[in-house]
Amino acid sequence: MNKVRLILENGKHLDIEVYEDIAPISASNFLNLVDAKYYDGVIFHRIIRDFMVQTGGYKLDGDELYEADETASIKGEFQSNGVKNDLKHTLGVVSMARTSIKDSASSQFFICTADAPHLNGEYAAFGKVVGEESYKVLEELNQARTEFISNMFADFPYPIIKIKTIERI
């Protein structure tokens with residue numbers, strides 16, 4: 001098992017255990033992106049209070065929002081896609097975001113801010129937030145103010161919440 005630290009631009013952090021034994025493709029993809037510094041400067045672009053916080057796909061250049069570099073899609077490691085994955089979507093679980101296409105996950109991920117059993121068997125859970133301080137930061141993210149920017153960004157956190165880096169620890 002690997003562990004990473006997601007460090008926000010404000011200096012606060014979330015420690016995350018990455019479970020390669022549960023979702024090896026998702027975990028490897030995520031760790032490869034961490035090692036490549038892919039997540040440096042990405043923003044949280046979707047926060048739905050008492051559900052999840054999502055990141056990994058967008059950056060800001062001044063006031064201009066743009067997509068982060070495209071990455072290859074991976075196989076969705078979850079029951080409805082023929083893959084055993086028993087990690088339940090509970091508070092603090094980290095999972096791959098995707099479109100309605102089951103094998104469309106690439107760089108975006110979300111962290112559950114409450115139990116979300118309707119996601120079990122439908123999304124590739126691959127990690128979990130650990131540590132009391134990390135859960136305090138997760139709750140702060142959960143409580144972030146959001147605005148409607150467009151149909152694509154209906155739950156956009158403002159002020160912006162940016163990831164400084166994610167690194168292995």
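1. Helix α2 (residues 132–142) contributes three residues to the lining of the second largest pocket, the most of any element; helices (H or I, at least four residues) and strands (E, at least two) are DSSP runs numbered from the N terminus. The model is a predicted one, in which local features need pLDDT of at least 70 and side-chain atom pairs count only at pLDDT 80 or more, while totals for chains, interfaces and linings use all residues. Residues are numbered from 1 along each chain as its sequence is written, and side-chain values use heavy atoms, with hydrogens and water left out.

2. The second largest pocket has a volume of about 160 Å³, and its lining consists of Leu8, Glu9, Asn10, Lys12, Val137, Glu140, Leu141, Ile160, Ile161 and Lys162. A pocket here is an open set of points on a 1 Å grid over the protein atoms alone, where a 1.4 Å probe fits, with protein on both sides within 12 Å along at least five of seven lines, and lining residues have an atom within 4 Å of a point. Volume is the space filled by probe spheres set on the points, which are joined across faces, edges and corners. By class, this lining has five nonpolar, one polar and four charged residues, where Ala, Val, Leu, Ile, Met, Phe, Trp, Tyr, Cys and Pro count as nonpolar, Asp, Glu, Lys and Arg as charged, and the others, Gly among them, as polar.

3. The largest pocket holds about 620 Å³ of space, and of the 29 residues that line it, Gln54, Ala97, Arg98, Thr99 and Gln108 are the closest to its centre. Strands β3 (42–48) and β4 (52–61) each supply at least two residues of this lining, with β4 giving the most, at four. The lining divides into 13 nonpolar, 10 polar and six charged residues.

4. In helix α1 (residues 24–35), the residues Ser26, Ala27, Asn29, Phe30, Leu31, Leu33 and Val34 are buried, that is, under 20% relative accessible area with a 1.4 Å probe and protein chains only. The buried residues of α1 pack against β1 (2–8), β2 (13–18), β6 (93–96), β7 (109–112), β8 (125–130) and β11 (163–168). Just after α1, Lys37 takes a positive phi of about 65 degrees.

5. Phe109 lies in strand β7 and counts as buried because its relative accessibility is 0%. Neighbours within four places in sequence aside, its contacts (heavy atoms within 4.5 Å) include Phe30, Gln54, Ala97 and Ile166.

Conventions: Expected span 1.5 Å × (residues − 1). Buried < 20%, exposed > 50% of the residue type's maximum accessible area, 1.4 Å probe, protein only.
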